[in-house]
Every structure is written in C-alpha cells, then in structure tokens.
Amino acid sequence: MPKLLPRLILYTCVFAAFSQVKFPAAPPNVVILFADDLGYGDLGCQGSPVIRTPNLDRMAAEGLRFTDFYSAAEVCTPSRAALLTGRYPIRSGMCETPGARRVLFANSKGGLPQSEVTLARALKARGYATAHVGKWHLGIHEGGRPLDHGFDSSFGLPYSNDMDGRPGLPKGSSGSPNPPQDGWNVALMRDGKVVEQPADQTTLTRRYTEEAVKFITEKKGGPFFLYLAHTFPHVPMFASPQFKGRSRAGIYGDAVEELDWSTGQILDALRKEGLAGNTLVFFTSDNGPWLIMGSQGGSAGLLKDGKGSTWEGGMRVPGIAWMPGRVQPGVTSAVAHMMDLFPTALALAGVERPAGVTLDGVDLAPMLFAGRSLPERPFFYYRGDQIFACRLGEWKAHFKTQTGYGQPKAEAHERPLLFHLGLDPSEKRDMAATHPDVIARIQDAVRTHQAAMTPGAPQLQ
Ligand code: MG
C-alpha cells in the first residue's frame, strides 16, 4: 500500500495538469513539418518582405508562434537526430567529434544507433501509424534507416540533395541533357529501395506533399505520426514550374513559397478530414540559412550568422505550433527547442518516457494548451561535441565562436562573451565586463550539464 501513495499523488498531479485540456478519446495525431536550412527571417510572419507565405502566416495566426525557438544543432544530421530522439546529438554520437565529419555523407558508415528510441518507435508502440516523408540523413545502412527506427513507411531522399554528383558532370552544372537534374544524382527511395535516380528535384516538394496528404487520408481513423522533412530550401534549389520564377527572392523564394503551399495542402487535408482539432502540427527548420550560398542562402533576419554557427542565426529558427481550438493562439518569447517535441508528443499520446533514457526537453503541452509558463532552463549551443555557448533566460554566453563556414579554427574566449538577447538580439554588444555574476551562473549550468553527460559512440567518422 505505501508504494501506491506516491503513484496516486503522481496521477492526481498529471490529471490536474491536464484537467483544463480536453481531448477527444482518440490520442492526438502528431505532424512535424521540417524545413531544411530555412532562415529565421524567411517567412512572412517572421518579417520577410520578399517571400510570400500566406499559409504559414495563417498557421501562425491560428496557432502559437515562438520567437525564441531553437534547433539542437547548427547542421543537418545532428539536428535531425535530436528532433527524433529528444536528446542532444552528443548523446547518440550523431555529431562531429575530433577527426569526424560534421554530418553523414553518402559514403559514411555510421547512423542513428538502434539503442536510441525515436519518436516514431515510441508512438508506434502506442498504436500510431508512422510515416517518414522527405530527407532522412540519419544513416543508409542497416539499423540506421527509417524503417529500422519505427517508421511504417518512408518516401524521400537518403540524405541532402547535394551529396551525389553524376559522373562526368560537375555538381550543379547545367550541362545535363536532362535539365531538371542538372548534374545532381541523389536517389529517391521508397521503403529503402531506389525508385528514381537522379530524383527529379523540381517536383520533390509536390510529391512529398501528395504522399503526406495520402497518408493523412488513409490513416484518418488515427492515431498517426507524420514526419515530413522537406528537401528544400537546401541548396541546390529547385521549384516546380508552378512556383519557379514567381517570387521576388529568386529561386530560394520560389522554393520557400512552394513549401508554404505544401503546408497549406496538409493543413487543408486535416481540416477536410475533421482532424484539425485533434492533430498537433509543428513547423520548424533543422538549422539556420546557408549564408555562403549567396542569393540561394536565405536570411536569418536580424540574427547574426547562419547555418553552421552557434551565433543566433545558426540555431534560432521559426517555430509554429498549430491545433485549432486547442493550442492557444498567440506569439511567445518563451525559450523552447526541438528536443521539447519528443516529450510533448509522448505526453499527448499517453506514452511513458522510455526507461533509462535521458531526455533533454520538457513537455510543452501545459504551455500550448493552458498558457502555463515554462521553467527557466539553460539551453546549450553545441557545435559537434563541444558546447560553444549557453543561454539562460535572456543572457547568452559564448565560450567559443566560429563562423558557420570559412573560419578554420574556433576562437576561444577566456572571458566568455556575454549578450542580452532581449536588449541585443543581434549579439553586437558584449556585456561581460559588467556582469561577471551572470557568467558565473551560466558556467555553473554548463558544469552541471557536462558532469552528467555520457556521450554516445561517435557515428560521423
Ligand atoms: Mg539543414
């Protein structure tokens, strides 16, 4: 009997936390819409004056838009590992380590280890139908592929769209006899088998969208989990004929406007099937804009630097939660990150957290559905397996800085740089000299985090 008491208290607390949140009997569906290299400033609702995103703007108006939402990494592979496991990528070994590469490449041997519990696997155990559509980039060998990690089906590219060149053609050339391919040779795969190579990238967004809508329609009886990881706006940039040449922002803008169309199609499908009120949709990006690509590189808006760096532009990304009638509409400046989506989805589904697994996020449900504030917690900006910076409240301390691309070595700061992200979101005015107490608090948080950290076996060699 004495053992029952704590459990009873726990259940009472859980019930109390959700008592204001009324869900239909069926567990909510979960849809994650994941852009690749989309900048903080590249949506209308994020202030872009040149890219039109009416569907995402409407999604933001009907849902909750985060101004301070973070990716867990500054490049593709570790970010995706973190999203699907709810853990900093260092824990799964899916990040750069000394002598390793920053992401998986076509000839990489590693992949997301089987010891990791993905969101798909956790939800599948609760009876969810699970689909991956789009870019994977977490491994191409046995054990690391989508179907090995809890997805019932998979349709998309095994990694980035720039990772295979066609023999005899320089990557990105326009000398191809088949112009849509332009020298790129990435394969389109279904359930682990190549169905088209080179993939016609001009129609990828459209075909991903059709696949996603088909899944929603077929699984409308629910519950389901859809992970739609778009190929764009990652370079090389393509858009379908309906979108090419229509944006003021060139082919980059065309590609983003097509993603916006795609989002509209998916939300419309949910509305049409009567699922909008019982489906949590979250839109975000894997990392910041790839600025060295010039006009094809997007914009981080007022944030500094972009993809590859731990300045804000590399890791602060758009974040929009949508579930009409459930998610309280508005804009929040609460600090949240993609690793929060794992515990949030599990809480909605009524799935227990995996035993013995350290998760790095918190359940956002009380905030999304009942307007509760989040606890103050540190956020660690990892570059590979190293912590370059840490945010606590409005303050961010940089221990090392390095631009995303083109600065060969990181600069270590014996006295960390310190920025107040409320007063100075562009990280221009170092306030370290007058706030040693803040730096000490942040350093404490880093020490505590590192003391409890067990890195996974490196996968990106
Ligand atoms: Mg990316």
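The entries below go from aromatic pairs to charges over rings and then to salt bridges.

Entry on rings. I am working from a predicted model, and in it I find 19 aromatic pairs. I looked up Y70 and Y381, which form an edge-to-face pair at 5.5 Å centre to centre, with 80 degrees between the planes. This pair links distant parts of the chain, since Y70 belongs to strand β2 (residues 64-70) and Y381 to strand β12 (residues 379-383), 311 residues apart.

Entry on charges over rings. I found the charged end of K307 over the ring of W290, 3.6 Å from its centre, and K304 over the face of W311, 3.8 Å from the ring centre.

Entry on salt bridges. I count 28 salt bridges in the structure. In one of them E273 meets K220, with the closest N and O atoms 3.4 Å apart; the two lie in distant parts of the chain, E273 in the loop between α7 (250-272) and β8 (279-285) and K220 in the loop between α6 (204-218) and β7 (224-229), 53 residues apart. R316 and E312 form a salt bridge at 2.8 Å, N to O, and both are buried.

Which burial class does R391 fall into? R391 counts as buried because its relative accessibility is 2%, whereas E394, its salt-bridge partner at 3.2 Å, N to O, counts as partly exposed at 36%. Salt bridges with shared partners join R391 and E394 with D68, E312, R316, K396 and E427 into one network.

How values were computed:
Residues are numbered from 1 along each chain as its sequence is written. This is a predicted model: local features need pLDDT of at least 70, side-chain atom pairs count only at pLDDT 80 or more; totals for chains, interfaces and linings use all residues. Side-chain values use heavy atoms; hydrogens and water are left out. Rings of Phe, Tyr and Trp (its six-membered ring) pair if their centres lie within 6.5 Å; planes under 30 degrees apart count as stacked, over 60 as edge-to-face and the rest as tilted. Helices (H or I, at least four residues) and strands (E, at least two) are DSSP runs, numbered from the N terminus. A charge sits over a ring if NZ of Lys or CZ of Arg is within 6 Å of the ring centre and within 35 degrees of the ring normal. A salt bridge is a side-chain nitrogen of Lys or Arg within 4 Å of a carboxyl oxygen of Asp or Glu. Buried means under 20% relative accessible area, exposed over 50%, partly exposed in between (1.4 Å probe, protein chains only).
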